[in-house]
Amino acid sequence: MRRDLLDLPVLLLGAASTLVDGIHEGVRARGFTDLRPAHGFAFVRLAPDGATVAELADHLGVTKQAASQTADELVRKGYVERRPHPTDARARLLVLTARGWACTRAADESAEEVLRAWADALGPDQLAGVRAALSRLAVPGRIRPTW
């Protein structure tokens, strides 16, 4: 296999790591110092309308026990709260608190800073080309950490 083809995964994963690290640094700089990057992947699933532990586990690609431990930690830290599920009396819904939403906004701002630097470095034409190429390759769906 050609070297330029084999370098592609390293470059893609490197860019993804740079983005995740940049978001994490920005979140920490905005005062949210008690989180790990993996928590951000949980926030992505909880942000729209909340989720059950089982849904969070599926999203993160972990066991229900691991997702429950993550949820417990986020509840303890004040980012998430448990509420009755609106349609399933047996389930509890995990939803972001005001602190969780503030952290989500901080992550969005941080991501925009990292991506703005990329856009400035590439210019509009190259950026559009990268975006179009990745759109053809990426499988739509959940985005989760690679454990």
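Trainee: Which residues form a nonpolar patch on the surface here?
Mentor: Keep in mind that this is a predicted model. The patch is made of Leu5, Leu8, Leu12, Leu122, Leu127, Val130, Leu134 and Leu137, and together they have about 660 Å² of accessible area. Two elements give two or more residues to it: helix 1 (3–29) and helix 5 (98–137). Helix 5 gives the most, with five residues.

Trainee: Why is Leu134 called partly exposed?
Mentor: Leu134, found in helix 5, has a relative accessible area of 38%. Buried means under 20% and exposed means over 50%, so with 38% Leu134 lands in between and counts as partly exposed.

Trainee: What makes the pair Asp4 and Arg2 a salt bridge?
Mentor: Their closest N and O atoms are 2.4 Å apart. The cut-off is within 4 Å, so the pair qualifies.

Trainee: And is Arg2 buried or exposed?
Mentor: Arg2 is exposed, because its relative accessible area is 58% and the label needs over 50%.

Trainee: Which residue forms a salt bridge with Glu109?
Mentor: That's Arg30, with the closest N and O atoms 2.9 Å apart. The pair links distant parts of the chain: Glu109 sits in helix 5, Arg30 in the loop between helix 1 and helix 2, and they are 79 residues apart. Glu109 has 42% relative accessibility, so it is partly exposed. Arg30 is also partly exposed, at 31%.

Trainee: How many salt bridges does the structure hold?
Mentor: It holds 11.

Trainee: Which residues of helix 2 are buried?
Mentor: In helix 2 (residues 37–46), they are His39, Phe41, Ala42, Phe43 and Leu46. They pack against several elements, including helix 3 (53–60), helix 4 (64–76) and strand 1 (80–84).

Trainee: And how many helices and strands does the chain have?
Mentor: Five helices and two strands, running α-α-α-α-β-β-α from the N terminus on. Buried residues make up 29% of the 147 residues in the chain.

Definitions and conventions:
Residues numbered from 1 in each chain as written. Predicted model: local features only at pLDDT ≥ 70, side-chain atom pairs only at ≥ 80, totals over all residues. Heavy atoms only, no water. Patch = residues over 30% accessible without salt bridge, like charges linked within 9 Å, V, L, I, M, F, W, Y side chains within 5 Å. Areas by Shrake-Rupley, 256 points an atom, 1.4 Å probe, with all protein chains shown as cover. Salt bridge = Lys/Arg side-chain N within 4 Å of Asp/Glu carboxyl O. Helix = DSSP H or I, 4+ residues; strand = E, 2+ residues; numbered from the N terminus. Buried < 20%, exposed > 50% of the residue type's maximum accessible area, 1.4 Å probe, protein only. Contact = heavy atoms within 4.5 Å.
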